[in-house]
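I opened this notebook to keep track of what I looked up, one entry at a time.

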Amino acid sequence: MSAAANRKPFDAGRAAYLALNIVLLAFLLAPIAIVIVFALNPTPFISFPPVGVSLRWFEKFFASSDFMNALWLSLWVAACVLVLSVVIGGACALALARGNLPGRTFLTAFFMSPLMLPAILTGLALFQSYLLAGIGRPIWGLIMAHTLIAVPYVLRTTLAVLHNFDHRIEEAAAALGASPARVFFEVTLPLIQPGVFAGGVFAFIVSFDQFPVSLFLVVPKSETLPVVLYNYMKFDLDGAIAAASMVSILLALSVVLAMERLIGLKAYVKL
Amino acid sequence: MSFGVDRSIDLRHDTICMAAASHRPSPIAWLIAPAVLLFVLFFVLPFAVMAMMSVYSGNPVTNPNAYPTTRHYERFIFDTAGIFHDALWATLRIGLVTTVISLLIGYPLAHWMARMHSRLGHALALTAVIAPLLTGIVVRTFAWMTILQDKGVINTTLMSWGVIHKPLPLMYNEFGTVVALVHIYVPFMVLTLIGVIGRIDERLEQAARSLGAGRIRAFVEVTLPLSLPGILAGSLLVFALSISAYVTPSLMGGTEVLTLPMLIAQQVGTSFNPNFAGALGVVLLLVCLVIVIAYNRILARLSGEQGLA
């Protein structure tokens, strides 16, 4: 890694270091690649090596009313979560960064805490609360549960953008005679937009893939896609799961690309 | 899931700027109201309900005969059935092994990425780390089932080469559980470590080398000690996440693995004993809270030091 090492014609240590890291990256990516292979492999069971390419599992997935109902429910819930968490999280980020509130460090940690506590416990606590309140397990209860988990993501991306831009831009607008409302709509909002959008994209995927929070909050016959897949996988491992997984992977990949465009992936590195 | 950022430096800096201007909250502060409402109704209250349920004999709203009791905790502590303590140890053991292996895999990757000069290479590697993170846990567990099961990728390949004659038991045990958990949580380790290693001045290592230290010695005596807080923070995060995992142990562990989250799900799903589930939840919550507080302390101290430097 040092300059001296670079000048040597062949450096065994460096080559080994590079090889090790490529193996480790392969470990991260290989399972995902394998899911894609199985989604396209026409044999009735998961079998290796693949024998051909077919779309029969996608047909099975898209023709199954169980899967389709679950897919639509998941998409619908995720869309509601996106809107709610963007509004609530975006507003909260503005208040934290510009509201001059006392105890902001504590408040930020508090609003981030759903990410730090076991999701299955959040699900359990909400399940018990709905039970005590006697409201059953309504869809809006599930949406609120997902929103709770999604708000921290929106908060983080928006705060990141708010901290990166210069206060003085807003002050300059105000000094030039803009009213506070005009400063907000014409300066602050456009500037934080990428952060809020990125958070919304994240919120969508977090809800779409959510399992532990949903587990106790869904009712039979109206389960989200991850719950249906989980129940299916307990008894059967066939290409339909792989096809469903591939839909989810493609979604994740498009999110990564959207994220890179909106605020850059570096915003996701800690500290 | 989380790769939460501790932004205390920025906040502290803001506080100083703001304090000079005014001490009073501005009208913008009211924008916090919806979030407060959401968190009180769907976060603070539910956890209070969970704690309350854990000390009641039944549902105190619908059942007038429900009375306060410590019997759920006694049941866990005395463990006459002999499964709860085993489940707790299995949970902690799986968490510990997962953490150590994630560190061994995550550290080289983070070091490589933090010191990479090519922007394209960095972006590609970062995509490779983040893409699995955004793929659902159920999907990633499924991927490992196709690899590790008896007719899976590894067993079929080894058998067709004639290396083995009957499938290796790679799944439905702790081994398979740990492999899948490591894959799921390594990205959190990498993302925590990149930030910490990236802040260590590369010239320190170069100085050590120009003073005659070998590459390994320079790493062990300079870079490694400086990245210790990151190692600790990443490990605590992965540990907290893996002891609360449910999907992976229940699918990869089969009947051989029973962890605390699986026990909780059983109490809710099959035994329908939400009160005992609440007590188990409080136990898991306490373990996680201790870890999370330690994690936040370390990150806060780290950003404090960097803020002064």
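This is a predicted model: local features need pLDDT of at least 70, side-chain atom pairs count only at pLDDT 80 or more; totals for chains, interfaces and linings use all residues.

Residues are numbered from 1 along each chain as its sequence is written, and chains are lettered from A and ligands numbered from 1 in the order in which they are written.

Entry one, the helix pair. I looked up helix H4 (residues 65-98) and helix H9 (residues 180-208) of chain A, which pack with their axes 8 Å apart at an angle of about 140°. Helices here are DSSP runs of H or I with at least four residues, numbered from the N terminus, and axes are lines fitted to C-alpha atoms over the stretch in contact, with angles from 0 to 180 degrees between N-to-C directions. Among the residues that meet, I listed Val81(A), Ser85(A) and Gly89(A) from H4(A), and Gly200(A), Ala203(A) and Phe204(A) from H9(A); contact requires C-beta atoms, placed from the backbone, within 7 Å.

Entry two, Asp79(B). I found this residue in the loop between helix H3 (71-78) and helix H4 (84-114) of chain B, and the phi of Asp79(B) is near 50°, a positive value in a residue other than glycine.

I placed Tyr172(B) in the loop between helix H7 (153-160) and helix H8 (174-198) of chain B, with a positive phi near 60°.

Methods. Two residues are in contact if their C-beta atoms, placed from the backbone, lie within 7 Å.
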